[in-house]
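Let's take a look around the inside of this protein, one region at a time. Keep the model open as you read.

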Amino acid sequence: MALLPILEFPDPRLRTKAVPLAAEQIAQPAFQQLLDDMFETMYEAPGIGLAASQVDVHQRFVVIDVSEEKNTPLVFINPEILDRTGEQVYQEGCLSVPGIFADVTRADEITVRFLDRQGEAREIRADGLLAVCIQHEMDHLDGKLFVDYLSPLKREMVRKKLAKQRKHVA
């Protein structure tokens, strides 16, 4: 397994709209290895979700594990939200926007259809943190980041703060 580089805001590649994954790609050893590498990268970061777009792979799939023990890995390939109900405000962070957290309003419950790691069609109803995480990661697949929910002024402040952080690291 290998750690993958995570793209960081404002990298323009994060704005790329991901394309659906072909069903025949799912069983390929290279794709299964990529999933393992994404989980390793996510756990190491540490995070609870990682979209392929964040590691510069512009295909529609994400990995998620919201369990405390980090032992419930979920793969969502070509996810599609069928239903949204309610509303919740959650303080979100993002591996592509390190060290920044902000309140984001999202649906409280969602129904999502997707293919799992084996290519089997699934449909689940999710709420709470899992619902937030799925919506957040699916935004990445559409080239959207959680900072897009912030005002232009706050978004610019985030961009400047990250640039300053990078300058200190270099």
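## Start at L74

This is a predicted model, so treat everything here as computed. Find L74, which sits in strand β3. Is L74 buried, exposed or partly exposed? With a relative accessibility of 28%, L74 is partly exposed, because that value falls between the 20% and 50% cut-offs.

Skipping its neighbours within four places in sequence, L74 is in contact with F39, V62, V63, I64 and L130. Now look for P20: it lies 54 residues away from L74 along the chain, and the C-alpha atoms of the two are 18 Å apart.

## The largest core

Next, head for the largest nonpolar core, which has 18 residues. The members that touch the most others are F31, M38, L50, F61, V63 and I77. Which elements give two or more residues to this core? They are α2 (29-44), β2 (61-64) and β3 (74-85), and α2 gives the most, with six.

Zoom in on V63. Again leaving out neighbours within four places in sequence, V63 is in contact with L35, M38, F39, M42, I48, G49, L50, L74 and V75.

## The largest pocket

Finally, there's the largest pocket, with a volume of about 370 Å³. It is lined by 22 residues, and G47, I48, G93, C94 and L95 are the closest to its centre.

The lining gets at least two residues from each of β4 (88-94), β5 (97-106) and α3 (128-141). Sorted by kind, the lining has 13 nonpolar, seven polar and two charged residues.

Notes:
Residues numbered from 1 in each chain as written. Predicted model: local features only at pLDDT ≥ 70, side-chain atom pairs only at ≥ 80, totals over all residues. Heavy atoms only, no water. Core = buried A, V, L, I, M, F, W, Y, C linked by side-chain atoms within 4.5 Å. Buried < 20%, exposed > 50% of the residue type's maximum accessible area, 1.4 Å probe, protein only. Helix = DSSP H or I, 4+ residues; strand = E, 2+ residues; numbered from the N terminus. Contact = heavy atoms within 4.5 Å. 1 Å grid on protein atoms, 1.4 Å probe; cavity = no way out; pocket = protein on both sides within 12 Å on 5 of 7 lines; lining within 4 Å. Points joined across faces, edges and corners; volume = space filled by probe spheres on them. Nonpolar A, V, L, I, M, F, W, Y, C, P; charged D, E, K, R; others polar.
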